[in-house]
Amino acid sequence: MSDCIFCKIAKKEIPAEIVWEDENFIAFSDINPLSKGHTLIIPKKHFRWVWDVENIGNYFEKVREVKKILDEKYQPVFVELKVLGIDVPHAHVHLVPHY
Ligand code: AMP
Ligand code: ZN
């Protein structure tokens with residue numbers, strides 16, 4: 001989707017603070033963080049909802065990898081997993097560290 005902001009981040013057409021990436025997924029800092037280290041993980045390919053992501057199990061394995069990076073970097077008490085997807089119509093998962 002050419003006008004999708006998260007597709008643009010995935011293609012590095014607009015800047016983001018990248019936390020982690022591989023061939024199929026990218027994690028970056030939320031622009032309006034709810035806490036220090038608030039991170040979004042998206043598939044690089046456009047899907048409207050998390051429910052639509054091909055191989056959703058693999059997606060959530062990657063989400064857990066990013067959660068471990070946040071644990072090491074910020075040492076939160078726990079990391080909240082949040083899935084909304086109302087404001088940006090590209091599948092994404094929020095990781096929100098709590099202190
Ligand atoms: P939601 O669709 O309700 O899950 O919320 C979308 C999230 O994306 C919000 O937390 C926004 O702060 C975040 N967001 C929107 N645009 C950007 C951007 N360009 N870079 C990083 N985060 C963004
Ligand atoms: Zn998109």
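Rings of Phe, Tyr and Trp (its six-membered ring) count as a pair if their centres lie within 6.5 Å, with planes under 30 degrees apart called stacked, over 60 edge-to-face and the rest tilted. By this rule the count here comes to three aromatic pairs. This is a predicted model, where local features need pLDDT of at least 70 and side-chain atom pairs pLDDT 80 or more, while totals for chains, interfaces and linings use all residues. Residues are numbered from 1 along each chain as written, and side-chain values use heavy atoms, with hydrogens and water left out.

**Aromatic pair**
- Phe6 and Phe28 pair up edge-to-face, at 5.3 Å centre to centre and 75 degrees between the planes.
- Phe6 sits in helix α1 and Phe28 in strand β2 (DSSP runs: helices H or I, at least four residues; strands E, at least two), so the pair ties together parts that are 22 residues apart in sequence.

- A side-chain N or O atom of Asp30 is 2.5 Å from an oxygen atom of ligand 1.
- Gly85 puts a polar backbone atom 3.0 Å from an oxygen atom of ligand 1.
- For Val88, a backbone N or O atom is 3.0 Å from an oxygen atom of the ligand.

**The shell around ligand 1**
- Ligand 1 is surrounded by 16 residues (a heavy atom within 4 Å), and the closest are Asp30, Gly85, Asp87, His92 and His94.
- α1 gives the most to this shell, with three residues.

Technical notes
Chains lettered and ligands numbered in written order. Polar contact = N/O pair within 3.5 Å; in protein donor to acceptor, adjacent residues only side chain to side chain.
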